[in-house]
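Please read them beside the model.

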Amino acid sequence: MSANHSPQTASQRIAWVTTVVAATLVFIFLMAPILAIVPLSFSSSTYLTYPLPGLSLRWYEDFLGSARWMNALKNSVIIGVASSMLSMALGTLASLGLAQWKSKWKPLVLAVVLSPMVVPVVITAVGVYFFFAPLGLTGNYLGLILVHTALATPFVVITVSATLQSFDMTLARAAASLGAPPLLTFRKVILPLILPGLASGALFAFATSFDEVVTVLFLAGPEQRTLPREMFSGIRENISPTITAVAVVLTVISVCMLSTLELLRRRNERLKGNAE
Amino acid sequence: MTAAFVAGADVPLKRRLKRAERARQFRALGLVLPLLAFLLFTFVVPLAGMIWKSADDWEVPQVMPQTVAALKQWNGQGLPDEAAFAALAADIRTAREAGTLAVAAKRLNYIINGYRTTLLSTGRKLKEQPAPGTAKDTLIGIAPAWGERESWTAIKSASGPVTSYYLLAAVDLTRNADGAIVAAPPDQAIYRDVFIRTFTIGFGVTALCLILGFPVAYLLANLPTGRSNLLMIFVLLPFWTSLLVRTCAWIVILQSEGIVNGSLQWLGVIDEPLRLIYNRFGVYMAMTHVLLPFMILPLYSVMRGISPAYMRAAASLGAPPTTAFLRIYLPQTIPGIGAGCLLVFILAIGYYITPALVGGAADQMISSFIAFYTTETVNWGLASALGAVLLLSTLVLALVYGKLALGRQTTGGLKN
């Protein structure tokens, strides 16, 4: 692969160097917010400026000691876990069905299943707010879990469907021909092989819910405020250094999720490589 | 026939296979149904409800049923008859006791500014039902507005069951007293500007993402796999970082005591801090940052599939590098450019959080007006109408995107 860009002429070399320089600048632009905010969270000063007057962990202590932030963390985890489990159950079943279902209605069903990803969240939030309010589903966990599940399911369906596509269906047929009932085939043959794909789907779902703030703005009562929701009001009012500490904690969580995804992807590719 | 089927022997294999296949299809559909039912409840019906709210005209028929019935006969010319005045007086008194008069007053105030005062003060001053034959004089005596035709056409136009008022208002149109569609008064005609602003910001962000994303995707696609996977982290890490974290970081970087202004002042380039945030510049900066990965990833996946042989062939045939790039390479990246641009544009026009936090009052996009009318002023009709227009624009673009993306199978195993 490396041979195909090895520049042959001076002008090609210039073009390649220009690309590298431009791309490097864009990489800096992409990483700038993360790089800027991490050191500030360790600052001993209340002002968010460089150079740092000294290092301290006081903003992390502030975060961990604040009932408001801890409650928000708890809410984020509760809603994230519940909605990713629910969207996993619904999304996996639907992906298994979609992989086998042949019908002229399939494109329409797919469009409906994937549409929560496309429709602007503010529209979903407004529609759900109008619909849930008379049903008593605002100001409690259940409403938020339901709407986050709806927003997360398309990611589960896409991830799991991609995994199923690479799954060799003859294995399932072999199990069936040896007398295994469908459920046993699923549990003993299909599930272990698509598990990494399911795990990626669950992570996507959790990340979607964990980062979602618009529906929380509309549906949550004061008791259900999540981390992004508290950050939203914090940024609106005045950015305190505590917010930078929260931001770093959230970034660390993102890094963990991204690394897990990458590991799962590699494992999946290795499995595919072995199968071939 | 049934016996033969149970025995299985006489039924041709072809038919049995068909039966088995049909059973399989039913089972497959059964697996999809739970999700469909769930989405129907949490997504499809709520959206349909929102669209219905943009046309639903329930306030006046519910609060003033007698007046609505009495005005059915009225042809809209001159003033309605005494019976209509009596019905209005009765409705106002009933509604005032039930505490619902303000609901109708709010609805009618959208049509004529000041209607709320007229209706509520009439409710206050109307101590008892006027004697038969005196309703007209009594009401006009309390509020002269009842002697104007427009007050009555407003009630008639709001008598439901559906109205085009909100949808027209969402595109700066209204109906005059005669029911003709005309331009809305200038103080209410703001939404076309908001839509134009939304699409302008969408185009701007898309263009910036394309300019910044193209070299990155090109570099990643042409590096050896190991190194490009490593550099991919710089694209994926921001992509996975919380939107709120990134928005917060941009405020820290760009605010007047922020990192950019601090460095520039320290270097002596500027004396006064530049205004980099809470304006259009900040919106472009933060939104481009958030949406850039959505441009890079589809571009990268298309570029990865372009064989280097084409460029070498062009070079060997004597094409200068610029010509080879413009005429051989670039056309092959069009599917990626199309998919990336559409994706970024669709996401950009629906953005709410980032403009709300880093934009000024003149940078708010359509989403923030939808949110404002839902939670602040509780004008649900207008919120729904603006939402319906945005939804329609998004769905049209998504349809185009679907055609492009499904053609390239980027949605995994979803297309047979």
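1. UniProt positions are given in the numbering used here, with feature names shortened, and annotations may be inferred rather than shown by experiment. The UniProt record (unreviewed entry) places the feature "transmembrane region" at residues 28–52, 194–218, 230–253, 281–302, 337–358 and 378–401 of chain B. The model is a predicted one, in which local features need pLDDT of at least 70, side-chain atom pairs count only at pLDDT 80 or more, and totals for chains, interfaces and linings use all residues. Residues are numbered from 1 along each chain as its sequence is written, while chains are lettered from A and ligands numbered from 1 in the order in which they are written.

2. Two of those spans can be checked against the model. Helices (H or I, at least four residues) and strands (E, at least two) are DSSP runs, numbered from the N terminus. Residues 230–253 of chain B are 92% helix and 0% strand, with end C-alpha atoms 26 Å apart. Residues 378–401 of chain B are also 92% helix and 0% strand, and there the end C-alpha atoms are 34 Å apart. For "domain: ABC transmembrane type-1", UniProt (unreviewed entry) lists residues 195–401 of chain B. That span is 80% helix and 0% strand, and its end C-alpha atoms lie 21 Å apart.

3. Domain bounds come from an automatic or database domain assignment. Chain B is given domain 1 (2–53), domain 2 (59–163) and domain 3 (192–414). Taken over C-alpha atoms, the centres of domain 2 and domain 3 of chain B are separated by 52 Å. Chain A is divided into domain 1 (2–41) and domain 2 (69–275), whose C-alpha centres lie 33 Å apart.

4. Two residues are in contact if their C-beta atoms, placed from the backbone, lie within 7 Å. Between the domains of chain A, five residues of domain 1 are in contact with six residues of domain 2. The contact between the chains takes 82 residues from chain A and 76 residues from chain B. On the chain A side, H1(A) gives the largest share, 18 residues. By class, that side has 62 nonpolar, 17 polar and three charged residues; here Ala, Val, Leu, Ile, Met, Phe, Trp, Tyr, Cys and Pro count as nonpolar, Asp, Glu, Lys and Arg as charged, and the others, Gly among them, as polar.

5. Confidence is given as pLDDT, the predictor's confidence in each residue, from 0 to 100. Chain A has a mean pLDDT of 88, and 95% of its residues reach 70 or more. Within chain A, confidence is highest in H5(A), at a mean of 95, and lowest in H11(A), at 83.

6. Is H5(A) enclosed or open? A residue is buried if 20 or more other C-beta atoms lie within 10 Å of its own, exposed if 12 or fewer, and partly exposed in between. Twelve of the twelve residues of H5(A) are buried, so this helix is largely enclosed by the rest of the structure. Among them are Val121(A), Gly127(A) and Phe132(A).

7. Ala207(A) lies in helix H8 (residues 182–210) and counts as buried, because 21 C-beta neighbours fall inside 10 Å. Leaving aside neighbours within four places in sequence, Ala207(A) is in contact with Met257(A) and Trp240(B). Val77(A), in helix H3 of chain A, is partly exposed, with 15 other C-beta atoms within 10 Å.
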